[in-house]
Amino acid sequence: MRPLLTAELRARLSDSVEKSDAAGEPDPAALAALRASGLLGTAVPARHGGAGGDAVAVNRVVEELATLDPSMAIIAFQHFAVSARIAEWGSEEQRGRLLPRLADGTWLAASAWSEQGAGAAKRNLASTGGRLADGRWRLDGAKTFATGAGVADLYLVLVQTARPAATGEGYGADGQTFFLVESGNPGLVPDLGPDLAGMRGSATGLVALDGCLVPDRDRLGPEGGAAAVIAGVRESGASLGAVSVGIARAAFDLTVRHARGHGLLDLPTVRHRLVELATRLEAARAVVERAGARASADPGAATLHSKLHASVAAEEICLDAARMLGSAGYRAGDRIGRLLSDARGIAFMGPTNDLCRDLLAASWTG
């Protein structure tokens with residue numbers, strides 16, 4: 001099977017991940033290599049210059065990126081998610097104007113949904129969008145934990161455009177609307193934001209909306225209907241669990257190399273512990289692959305299960321790997337420590353693990 005990542009891209013990501021972690025921002029050369037790789041068109045339909053890949057293809061690319069650089073995998077995942085939303089919900093004009101540039105890497109896309117006080121389910125947004133007399137929209141507010149802040153060329157921004165009629169129980173609320181905002185818009189101001197413990201090269205930061213003016217043609221989906229767009233995200237089968245599987249793979253491979261290099265594979269107890277890690281890794285990958293294949297009777301639930309299970313498994317695998325490495329992995333800056341911090345971060349990314357649990361439990365309680 002043809003490798004998903006070229007040798008050149010693999011080498012670039014391997015060389016830059018430590019530098020990105022130390023700097024707390026993406027390595028420009030690695031980001032440029034990703035843009036030039038052709039991978040960013042994975043989720044773009046072929047008629048718009050992309051590969052026309054489904055969720056299986058997206059998950060595989062994301063997993064491979066995450067084995068080398070989890071932060072870059074998160075950036076790519078968000079790009080794929082925005083590309084897919086435009087392909088699904090965009091007008092013909094939006095698709096023709098935006099998707100070719102997203103496919104060839106000219107543009108990098110990011111999501112700006114979260115904000116302080118909105119809650120994991122994004123039902124209490126303070127950021128607003130108001131229609132002006134000339135038909136344009138004015139967006140105001142502040143978004144947090146936006147991956148790709150400052151390096152993206154296009155942001156999918158979620159704001160409240162009408163008072164919600166009901167609280168609801170799902171992800172998002174009525175009266176919310178999505179807008180596609182270009183980075184050159186003077187009313188959109190990104191900032192790297194907090195100094196994160198993990199995913200330090202993901203440019204996860206803040207996006208301020210200060211009198212941000214956008215034409216109505218840049219509204220994505222129906223006015224006030226963002227909740228329907230969000231609901232379709234988990235139905236797609238594309239899963240953040242793929243990032244977790246890639247992280248777990250990297251931790252497992254690191255542990256095997258350590259055991260082999262120190263002659264520990266001669267010990268049955270070490271071999272058995274490695275088999276246990278490998279089995280848990282395979283189980284996590286299988287759940288993510290099933291979600292991507294949409295083989296379940298409830299694809300949305302399968303996607304939530306995949307994110308929840310794989311993220312928990314990855315953190316546990318990284319922790320067990322660190323124990324097996326012992327003092328060899330206990331120095332500041334060691335890779336296993338970075339992988340463990342990255343694995344923990346997935347639990348907080350949307351939908352958060354607790355929100356996954358709530359959404360899954362709702363099918364029994366509601």
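This is a predicted model: local features need pLDDT of at least 70, side-chain atom pairs count only at pLDDT 80 or more; totals for chains, interfaces and linings use all residues.
Visitor: What helices and strands does the chain have, and how many?
Guide: The chain has 11 helices and eight strands.

Visitor: What are its dimensions?
Guide: The C-alpha trace spans about 75 × 50 × 40 Å along its principal axes. The radius of gyration is 20 Å. A compact globule of 366 residues would have a value near 21 Å, so the two agree.

Visitor: How much of the chain is buried?
Guide: Buried residues make up 52% of the 366 residues.

Visitor: And the surface?
Guide: The accessible surface comes to about 15,700 Å². Carbon and sulfur atoms account for 54% of that.

Visitor: OK, the inside. Which residues in the largest nonpolar core touch the most other members?
Guide: They are Leu 13, Val 62, Leu 65, Phe 80, Val 243, Ile 247 and Ile 346. That core has 56 residues.

Visitor: Which element gives the most to this core?
Guide: Helix α7 does, with 11 residues.

Visitor: What is Ile 247 in contact with?
Guide: Skip its neighbours within four places in sequence, and the list is Ala 66, Pro 70, Met 199, Cys 318, Leu 339, Asp 342, Ala 343 and Ile 346.

Visitor: What about a second core?
Guide: A separate core has 20 residues, including Val 82, Ala 109, Leu 158 and Ala 226.

Visitor: Why would nonpolar residues gather like that?
Guide: In soluble globular proteins, nonpolar side chains tend to be buried together.

Visitor: New topic. Where is Ser 311, and is it buried or exposed?
Guide: Ser 311 is in helix α9. Its relative accessibility is 2%. Buried means under 20%, so Ser 311 counts as buried.

Visitor: What does its side chain reach?
Guide: The side chain of Ser 311 reaches the backbone oxygen of Lys 307 at 2.8 Å. A polar atom of that side chain also lies 3.1 Å from the backbone oxygen of Leu 308.

Visitor: Now α5. What span should it have?
Guide: Helix α5 has 12 residues, 92-103. At 1.5 Å a residue it should span 16 Å, and its end C-alpha atoms are 16 Å apart, so that agrees.

Visitor: Which of its residues are buried?
Guide: Gln 94, Arg 95, Arg 97, Leu 98, Leu 99, Leu 102 and Ala 103.

Visitor: What covers them?
Guide: The cover includes helix α4 and strands β1, β4, β5 and β8.

Visitor: And what comes just after α5?
Guide: Gly 105 takes a positive phi of about 85 degrees there.

Methods: Residues are numbered from 1 along each chain as its sequence is written. Side-chain values use heavy atoms; hydrogens and water are left out. Helices (H or I, at least four residues) and strands (E, at least two) are DSSP runs, numbered from the N terminus. The expected span of a helix is 1.5 Å times one less than its number of residues. Buried means under 20% relative accessible area, exposed over 50%, partly exposed in between (1.4 Å probe, protein chains only). Contact means heavy atoms within 4.5 Å. A nonpolar core is a set of buried Ala, Val, Leu, Ile, Met, Phe, Trp, Tyr and Cys residues joined through side-chain atoms within 4.5 Å. A polar contact is a pair of N or O atoms within 3.5 Å; within protein, one must be able to donate a hydrogen and the other to accept it, and residues adjacent in sequence count only if both atoms are side-chain atoms. The radius of gyration is taken over C-alpha atoms; the globule rule is 2.2 Å times the number of residues to the power 0.38. Accessible areas come from the Shrake-Rupley method with a 1.4 Å probe; for residues, only the protein chains shown count as cover.
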